[in-house]
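I opened my notebook to get to know a structure that was new to me. Here is what I looked up, in the order I went.

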Amino acid sequence: MDTGEFEKSLTFNLADILEFKSNAIVVKNISVQNNCVIQAFAFDFGKVLSHKESPFIRFIHIIEGKAEVVIDANSTFMQNGDSILIPACSSSSIEANHKFKMICTTIKD
């Protein structure tokens, strides 16, 4: 099962394809499988995405701009090229203190 918005075996540049939308978080599915979901996000300034104790591991990679990732009340400031693993069963938020784009891979165990 693959319900991604991108064709397999074709090259694409997420930073170019993914566009910001005013006062919104834009989400594009890259690949959706039973145990793994890969999504691309574009956050406008001021937007926040929160998870309260998600049961899944999430891998975040910033592809453009700067973001703040808060895991169990500990802030990490990230920029283009930075990555972080958000452990399962932790509360977290991803905050746009600046516009930014990221890839999020969710691993369902």
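My entries follow, from the whole chain down to single residues.

**Ground rules.** I am working with a predicted model, where local features need pLDDT of at least 70, side-chain atom pairs count only at pLDDT 80 or more, and totals for chains, interfaces and linings use all residues. I number residues from 1 along each chain as its sequence is written, and side-chain values use heavy atoms, with hydrogens and water left out.

**Layout.** I looked up the secondary structure and found one helix and eight strands in the protein chain. Along the sequence I read the pattern α-β-β-β-β-β-β-β-β. Helices (H or I, at least four residues) and strands (E, at least two) are DSSP runs, numbered from the N terminus.

**Overall size.** I noted a box of roughly 40 × 35 × 25 Å for the C-alpha atoms, taken along the principal axes. The radius of gyration of the protein chain is 13 Å, which agrees with the value near 13 Å for a compact globule of 109 residues. That radius is taken over C-alpha atoms, and the globule rule is 2.2 Å times the number of residues to the power 0.38.

**One salt bridge.** My search of the whole structure gave one salt bridge, meaning a side-chain nitrogen of Lys or Arg within 4 Å of a carboxyl oxygen of Asp or Glu. Which side chains meet in the salt bridge? They are those of Lys101 and Glu64, at 3.6 Å from N to O. Lys101 lies in strand β8 (residues 100-107) and Glu64 in strand β4 (residues 57-71), so the pair ties together parts that are 37 residues apart in sequence. Lys101 is buried, with a relative accessible area of 5%, whereas Glu64 is partly exposed at 28%.

**A look at Ser54.** I found Ser54 in strand β3 (residues 48-54). Ser54 is buried, at 9% relative accessible area. Setting aside neighbours within four places in sequence, I list Ala88, Cys89 and Ser90 as the contacts of Ser54.

Technical notes:
Buried < 20%, exposed > 50% of the residue type's maximum accessible area, 1.4 Å probe, protein only. Contact = heavy atoms within 4.5 Å.
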